[in-house]
Amino acid sequence: MLLDSTGAVRIRDARYSILTADPVESLRLDRPEYGTDPFVVLREWQRRLPSPEGQHPPFCGGIAGLMSYELGGAFEVVPVPARDDFRTPALLAGLFDWAIVWDHIEHTVQLWVLELDRGGNTTATATGAVETAGGSRRDWVLERLQGDVPPSPPAIAGQGTPPEPSLRGNPVPTAPEVRSSFRRDDYIAAVERVIEYIRAGDVFQANLSQQLTAQWSQSAVDLYERVRVQNPAPFCGLLQAEDFAVVSASPERFLKVSGGRYVETRPIKGTRRRHRSPIADLFTRNELSASEKDRAENIMIVDLLRNDISRVCQAGTVKVTGLCEIEVFETVQHLVSTVEGELRSGCDIWHLCAATVPGGSITGAPKIRAMQIIAELEPVVRGAYCGNLFYAGPGGDFDSSILIRTFTLQNGWVQFPVGGGIVADSRSSDEYEETLHKAAGMLRTLRPPVS
């Protein structure tokens, strides 16, 4: 698992990049059961983590993994689309006893080892750089760093059955080699159905996505290298499991917790394409900042997230510290807000996840009704898309991304949904075009480089 922040806009989002692998223990939950706690094992793992001595990065070993969109079914009764071609697990997590951490402010690279044996004893603490990291795990990592680099494995074979595009997909107008879960007219009709629900008072907003599918014969590492060059983002990530992989260039933070107590979430709503002309780019930026529709979407999600985190935060601590601020990325610019709070006594990061999964910025408001509408109108499950990659460090730090701009690989195929928030004054054809704008950078990543 690689969590890579070198494409961040804000330096505080860009400080650390993290690499880890070979968990001491792992947990896989394919489908959640409503009313059960999927975090029981993770909470037990967290109790087993030693407390690092002195200064340390937020993750130097600990718990890391994937929460898929469908993990929300553990907390709310929501129908699930029948079609599930990739069968991505709802939760995949590992207990890791080491990490390589790049500090982009101090310009250092350190190998950290948690002296956590496989029997669960936690008598030792985390240790620092390569020179001082102790035990056989250090030697195991260093041997692999100093050895020959094997070629990346080809695209992963797994349990899912990604569809034959000629049989179960609709050509994308801008890329006929790519297939979509929607025809253009069907997506437009689905947007209009969402607008009908809004006018009927069911929801204020709902996110609607189309799942794009293409063939990919190279490795997940090959795809990640392209993504990192063409679309750097603050929450780039690569998760390589035995039967699938996730590659993401997400610009959006889901939840961050500092010291096991202080909460931050940064929803994105409002997107415009970048332009080569600085004047056109500035004009678009000003237009986005002044857009009543985009600001209304963003503020609705801010209210939703304030409500979600208030379920586990102390009264009076939940505050909006940034509202509808412009952030500029490689290919797009976004409206981003910041909501902060402080966990109340008796609540931990897993209570916070239970109160907020999946993230409101990719569902809609009110969230549960929006999720029901999504399940009705989207023909396939989302899987990793709109879930999150996350870590929980031994010092009580937690961070996670919203998995947009995300590929899931399996069996020589890759799927990468794109979507947008629908509100009362949305124009259905424009919403469809916006999904293609969001897909443009991802489509370029999949195409062979021009020689």
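Which residues form one aromatic cluster? They are F39, F75, W350, F390 and F398.

## Before we start

What you see is a predicted model, where local features need pLDDT of at least 70, side-chain atom pairs count only at pLDDT 80 or more, and totals for chains, interfaces and linings use all residues. Residues are numbered from 1 along each chain as its sequence is written, and side-chain values use heavy atoms, leaving out hydrogens and water.

Helices and strands here are DSSP runs numbered from the N terminus (helices: H or I, at least four residues; strands: E, at least two).

## Aromatic pairs

The structure holds 10 aromatic pairs. Rings of Phe, Tyr and Trp (its six-membered ring) pair if their centres lie within 6.5 Å; planes under 30 degrees apart are stacked, over 60 edge-to-face, and the rest tilted.

One of these is formed by W98 and W140, an edge-to-face pair at 6.1 Å centre to centre with 65° between the planes. W98 sits in strand 6 (residues 98–103) and W140 in helix 2 (residues 136–146), so the pair ties together parts that are 42 residues apart in sequence. W98 is buried, at 4% relative accessible area, while W140 is partly exposed at 25%. For those words, buried means under 20% relative accessible area, exposed over 50%, and partly exposed in between (1.4 Å probe, protein chains only).

Now look at helix 4 (residues 184–199) and helix 10 (residues 428–446), which pack at an angle of about 120° with their axes 9 Å apart. That makes helix 4 oblique to helix 10. Axes are lines fitted to C-alpha atoms, for helices over the stretch in contact, and angles run from 0 to 180 degrees between N-to-C directions. Angles under 35 degrees count as roughly parallel, over 145 as roughly antiparallel, 65 to 115 as roughly perpendicular, and the rest as oblique.

Who touches whom? From helix 4 come R184, Y187, I188, V191 and E192, and they meet S428, S429, E431, Y432, E433 and T435 in helix 10. Contact here means heavy atoms within 4.5 Å.

## Helix 9 and its neighbours

Helix 9 (residues 367–377) has K367, A370, M371, I373, I374, A375 and L377 as its buried residues. These buried residues pack against helix 4, strand 11 (205–210), helix 7 (292–310), helix 8 and strand 20 (364–365).

Most residues other than glycine have a negative phi, and most peptide bonds are trans. The peptide bond from V357 to P358 is cis, with omega near -10°, and P358 is in the loop between helix 8 and strand 20. Another cis bond joins A365 and P366, with omega about -10°; P366 is in the loop between strand 20 and helix 9.

C386 isn't a glycine, yet its phi is positive, about 70°. You'll find C386 in the loop between helix 9 and strand 21 (388–392), buried at 1% relative accessible area. R405, also not a glycine, has a positive phi of about 50°. R405 lies in the loop between strand 22 and strand 23 (406–410) and is buried, at 11%.
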